[in-house]
Amino acid sequence: MSELLLRLESLAGELPQRTETAIVLTLAAYFAGLRLFAWLRSPAWCPPILLASCLLALCLALLPLDYAEYRQGVEWLTWLLGPATVALGVPLYQQVHHIRALWKPIALTLPPAAMLAAGYAVGIAWLLNASPQVLASLAPKSVTAPIAMGITQALGGSVSLLMGALLITGVMATLGITVMARGWRLKDERIIGFALGVNGHAIGTVRAFEIGPTAGAFASLGMSLTGVFTALWLPLMWHFVG
Amino acid sequence: MRMLSILRGFLGLAAFLLLGDILVRLFAIPLSSGVAGMLLLTFWLLLRRHLSHDLTAASQPLIGMLALLIMPGVVGIFFQAGEFAGQWPTIFIALIAGTLLSSWTTLWLMRRLVPDTRDNAHE
C-alpha cells in the first residue's frame, strides 16, 4: 500500500511535464470551447478559440501545472504549426487564377493595407506613450502567428503579448469586417476574404473558410502575402525609424 | 489508402518545411521556415502545374487545425499579464481602434479597386 502511495507521489511530480498531459488538456479545452461556442449560438464577437483559450488558462491555473512546463509538453503539437503554414501553399496555388485576374487591385491594396494594419496600432500606442517593448510586440499583430513570432523576436518584443495582440486583432478584424460588409451590403467573397486574411490572419482565415471556399482562398492569399510582405519591410523600417 | 495518402502528403509538407529551414538559415533570410516552405511549395506547384491528391489530403486537415495549434501561445498572455501592468488600456485601445481602422481601410480600398464580378463575366 505504501509503495503504491510512493509511486503516486512520483507520478504527480512527473505528470505536469508529460507531453500527453499537455495534449489532453489542449485538445479537451479545444473541444469544450467548440461545444460552448455552439451552446452560445455561435456569437461572432467571441470565436471558439477565445473560449477554448480561457478554459485552458483556467485549467492551467487550477492544476499544479506551470505554464513553462506546459509549453514544453505541448511542443509536439505546436511543431505542427510549421507544416500547417507550408500547407497554406496549397489553397494559394489553387487560387492562382484569381491572383492573375486581380493582380492589379491586390498589388495596389496589399502594401498600404499591410503597412496600415501595423501602422495604425503602433501609431496609437506610441501616441499613448507605450514602452518600446510593447510597440515591438504590437507591430506584427496582423501577421499569422509563426511569422509574427519571428518578427517580434527580431524587434525585441514579447511573444506572449504578441499572442494576446494576435487574438484581439483576429477577433476585432473578424467582427469589424463582418459588420462592415453587412452595413455596406458587400457580398463579394473575394473582397471580404482578402480583408479578413490581411487584417485578421489565421482567425480571420478560419472565418473566411466558413463563408465559402473563395473567401477562404482569398483570406489565405491575403494572410500569406501580408506575412511575407511584413516580414520583409517591418524589420527594415523599425531599424530605420528606431 | 486514405491514411497513406495523408502520410505521403505530410512527408511532402515536412520536406518543404525542412528545405525552407535550410534556406532561411543558410542565407540569413528574415522569414520563418514555415513561410519559406510555403513559398517554395507554391513555386514548385506553379512550375509543375499539378496538385497531387496526397498534398490536398494532408493540407486540408492541417489548415482546419490552425486555431488549435496557436492556442498554447495564446494562453501565455494570461500568465505573463503582470509584465505589462499599467499599459493595458493603451494596448487595448491601440489594438481595437487600430484593427477596426485598418479593416475599414482594406475594405474601402478593395471595393474601389476590384472590378465587379458581373462586369468580369462579359470580358
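This is a predicted model: local features need pLDDT of at least 70, side-chain atom pairs count only at pLDDT 80 or more; totals for chains, interfaces and linings use all residues.
Chain A is a helical chain: the assignment gives it 14 helices and zero strands. The C-alpha trace of chain A spans about 75 × 45 × 35 Å along its principal axes. Of the 242 residues in chain A, 56% are buried. The contacts within chain A can also be sorted by separation in sequence. Among those between residues at least 6 apart, 61% join residues at least 24 apart.

Chain B is described here through its domains. The domain assignment divides chain B into domain 1, covering 1–64, and domain 2, covering 87–115. The C-alpha centres of domain 1 and domain 2 of chain B are 31 Å apart.

The two chains meet at an interface in which 86 residues of chain A are in contact with 73 residues of chain B. The size of an interface is often given as the accessible area lost when the parts come together. For chain A and chain B this buried area is about 7400 Å², and 82% of it lies on carbon and sulfur atoms. Three residues of chain A, namely A:V86, A:Y93 and A:W184, supply 10% of the area that chain A buries against chain B, which is more than any other three residues supply. By element, helix α12 of chain A (residues 159–183) provides the largest share of the side that touches chain B, with 14 residues. The residues on that side of chain A comprise 64 nonpolar, 17 polar and five charged.

The polar features of this interface can be described in turn. Eight residue pairs are found in polar contact across the interface of chain A and chain B, with both residues of each pair at pLDDT 80 or more. Salt bridges across the interface of chain A and chain B number zero under the rule applied.

Individual residues of chain A complete the picture, starting with helix α13. A:R190 is located in this helix, which covers residues 189–211 of chain A. A:R190 has a relative accessible area of 8% and therefore counts as buried, since the cut-off for that class is under 20%. The side chain of A:R190 also takes part in a polar contact of 2.7 Å with the side chain of A:D188.

Setting aside neighbours within four places in sequence, A:G227 is in contact with A:V143 and A:I147. A:G227 may also be placed relative to A:V198: the two are 29 residues apart in sequence, and their C-alpha atoms are 8.4 Å apart in space.

The other residue is A:L232, found in helix α14, which covers residues 213–241. A:L232 has a relative accessibility of 44% and so counts as partly exposed, because that class lies between the 20% limit for buried residues and the 50% limit for exposed ones. A:L232 and A:L102 are 130 residues apart along the chain, and 23 Å separates their C-alpha atoms.

Terms used: Residues are numbered from 1 along each chain as its sequence is written. Chains are lettered from A and ligands numbered from 1 in the order in which they are written. Side-chain values use heavy atoms; hydrogens and water are left out. Helices (H or I, at least four residues) and strands (E, at least two) are DSSP runs, numbered from the N terminus. Buried means under 20% relative accessible area, exposed over 50%, partly exposed in between (1.4 Å probe, protein chains only). A polar contact is a pair of N or O atoms within 3.5 Å; within protein, one must be able to donate a hydrogen and the other to accept it, and residues adjacent in sequence count only if both atoms are side-chain atoms. Domain bounds come from an automatic or database domain assignment. Contact means heavy atoms within 4.5 Å. Buried area is the accessible area (1.4 Å probe) that two parts lose on being put together, summed over both. A salt bridge is a side-chain nitrogen of Lys or Arg within 4 Å of a carboxyl oxygen of Asp or Glu. Ala, Val, Leu, Ile, Met, Phe, Trp, Tyr, Cys and Pro count as nonpolar, Asp, Glu, Lys and Arg as charged, and the others, Gly among them, as polar.
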